[in-house]
Amino acid sequence: MRKTFLLGAAAIALVVSGCARRTPPPEVTGPVETAPIGPGGEVVAPGDVELTELPAQQADLVAKAGSDTVYFGTDEHILDTAAQATLAAQARWLLENPNVRASIEGHADERGTREYNMALGERRANSAKNFLVSQGVPADRLLVTSWGKERPVAIGSNEEAWAQNRRAVTVLVR
Amino acid sequence: MQNRHCERSEAIQARSGLPRLLRSLAVTTVLLGVPASAQEEGAPPVEVEVVGGQNSQLTVAVPAMPGQAIGRGIAEVIASDLRATGAITPIGPGGIGTYGQAQAASPAYGEWRGAGAGALVSGYVEPRADGRVTLACYLHDVTAGRMLANQGFTVAQSDWRRAAHKCADLVYSRLTGQGAFLDTRIVYVAESGPKTNRTKRIAIMDSDGSNHRYLTAGRATVTMPRFSPRGDRLVYTGTLARKPRVFVLDIASGRERLLVPGGQITFAPRFSPDGRRIIFSWANNGNTDIYVVDADGGTPRRLTSAPGADTSPSYSPDGSRIVFESDRGGTQQLYVMNADGSGQRRISFGGGRYASPVWSPRGDLIAFTRIAGSFNIGVMSPSGGGARILTNGWQDEGPSWAPNGQFVMFNRIARGGGSTLYAVPINGGTARRMPTPQDGSDPSWSPLQS
């Protein structure tokens with residue numbers, strides 16, 4: 001709509017000016033995407049709006065699916081049978097509760113460099129997301145992210161703690 | 001900054017014998033800058049080659065400067081800076097005498113020889129009509145009894161520490177032949193709280209830990225801040241909508257913006273050497289690749305596309321090539337490519353895993369993290385040869401170069417313990433801890449300030 005208006009205005013300007021000084025037409029930008037407005041009044045791109053966690057529904061997911069978390073081997077992003085079973089149960093919950101989205105969040109242990117662990121976390125989250133999609137969860141309900149090694153749940157520089165930190169967590173969000 | 005004097009820096013051809021001062025240096029070549037007033041008319045340049053013992057150090061007296069209250073403070077900053085270089089042993093300002101302003105340019109060399117010093121840093125602070133101050137800085141060869149260099153540095157009174165760092169840089173570079181690096185800043189991530197609920201804030205400080213302040217509030221996870229080539233902006237990895245996102249921050253104003261809008265996972269950014277582009281990693285569908293975008297924003301251009309995690313890119317100082325890490329071959333290794341993404345080839349073959357490469361500002365070396373049981377910092381040539389490991393911690397990672405290419409700062413994580421910043425000289429020497437008020441990680445060394 002806005003594009004049409006600007007073109008119209010430019011056309012009128014050209015007709016009216018005739019042999020007088022030509023006013024250059026205003027710059028025509030592409031159609032403005034529908035997007036939220038940020039707190040400062042600025043247009044915010046889709047995907048750049050803060051998310052809200054849903055603690056009550058998260059507790060229900062954990063109770064009904066058994067866990068919101070699956071675990072990985074060192075440097076691995078493949079899902080073992082326990083992880084697949086957990087994700088299958090999560091998928092059933094998500095299909096029974098269609099009004100929430102989930103942020104699938106990958107994590108790494110501290111025994112990796114910072115940048116690589118960001119990539120590894122995304123790899124793990126992507127594996128979990130793909131499995132949920134294969135179980136019938138619509139992909140547009142699932143976000144993927146990585147926390148790298150920044151959010152461990154277990155303190156300790158030992159294999160037991162590291163194993164707890166190599167994980168993907170299904171976080172319900174609005 | 002204005003220079004009141006510019007000493008001449010021609011090399012002088014050696015005649016007979018070496019000044020005793022220089023025989024004690026551990027470096028190979030020293031160029032002497034001799035001010036016009038001290039040089040004989042018509043004397044040809046001298047280039048002095050010195051081969052010294054590995055542990056020989058040059059002793060430099062740094063007495064309190066006369067005339068103003070900050071004269072003692074300036075001497076303390078200079079002495080601390082020189083000690084931090086690892087190549088110089090300062091004496092004073094405590095425990096040694098001082099001098100009057102008239103002796104700054106013409107000290108009593110015999111007295112300083114008696115104090116056991118091979119060199120002397122002297123000077124004075126002069127107030128100016130516009131409210132600024134000028135630090136006159138002199139370096140003397142006490143053994144030979146002559147001035148080696150002098151320069152004036154004019155600053156706002158509140159910036160007196162920077163004048164002291166500039167004076168220390170003059171002394172260091174004249175005595176060692178290396179480039180300056182002391183008038184610099186460090187940006188890093190200040191960490192506090194338990195590791196399971198860590199507060200991370202971007203912080204900035206002078207290279208000696210002074211003038212420390214926080215640039216972010218600590219509500220969002222922040223990592224990997226890096227300076228722009230002029231030191232006026234940072235790129236870093238912040239968090240938005242629960243995803244890692246690259247931000248560009250203007251240091252003076254605190255204003256920042258998203259580099260790539262639209263909910264994409266972006267991280268590990270660095271500026272190009274001309275400051276006009278930013279390279280970064282973009283993770284999508286289980287794959288991470290390296291992209292480049294104009295620093296002012298725009299459509300990112302993809303540089304790598306191999307399956308796997310390509311990340312941690314760093315430009316060569318001439319902007320023509322990029323070193324990065326990739327696990328496309330199975331484990332993290334270092335690769336070099338042209339700046340347009342062509343010609344990607346592996347350069348690390350040392351038997352470990354190699355990560356977080358950073359190209360030296362001198363272009364001659366690439367620093368990296370080697371993972372072989374422990375994590376340690378090393379350097380190799382851009383073709384991958386001559387790799388040597390510089391540190392011996394349990395987890396040392398994330399190197400960053402000093403602007404003279406002689407020191408590498410890194411993050412040391414103690415097993416079961418905290419995270420701290422260290423700097424290590426590349427030619428052998430002990431890693432030295434950088435003072436921070438809390439734990440710290442992800443250090444980045446600024447360019448030399450002008």
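In this predicted model, strands E16-E17-E18-E19 of chain B line up in that order as an open sheet of 4 strands with antiparallel pairing. Here strands are DSSP runs of type E with at least two residues, helices are H or I runs of at least four, and both are numbered from the N terminus; two strands count as paired if DSSP finds at least two bridges between them. The edges are formed by strand E16 (265–271) and strand E19 (301–302) of chain B, each of which pairs on one side only. E19(B) is joined to strand E18 (residues 287–294) of chain B through 2 bridges in the antiparallel sense, and B:Val292 stands opposite B:Arg301 in E19(B). Strands of a sheet pair through backbone hydrogen bonds, either parallel or antiparallel.

Residues are numbered from 1 along each chain as its sequence is written, with chains lettered from A and ligands numbered from 1 in the order in which they are written. Local features need pLDDT of at least 70 and side-chain atom pairs count only at pLDDT 80 or more, whereas totals for chains, interfaces and linings use all residues.

A hairpin is also found in chain B. Strand E20 (residues 310–315) of chain B pairs with strand E21 (residues 321–326) of chain B in the antiparallel sense over 4 bridges, and B:Thr311 faces B:Glu325 in E21(B) across the pairing. Between E20(B) and E21(B) lie 5 residues, and B:Gly319 in the turn has a positive phi of about 75°. E20(B) is mostly covered, with 6 of its 6 residues buried (20 or more other C-beta atoms within 10 Å of a residue's own, C-beta atoms being placed from the backbone).

Turning to chain A, its 5 helices and 4 strands follow one another from the N terminus as α-α-β-α-β-α-β-α-β. Of the 174 residues in chain A, 33% are buried. Among contacts in chain A with a separation of 6 or more, 66% involve residues 24 or more positions apart; a contact requires C-beta atoms, placed from the backbone, within 7 Å.

How values were computed:
Buried ≥ 20, exposed ≤ 12 C-beta atoms within 10 Å, placed from the backbone. Contact = placed C-beta atoms within 7 Å.
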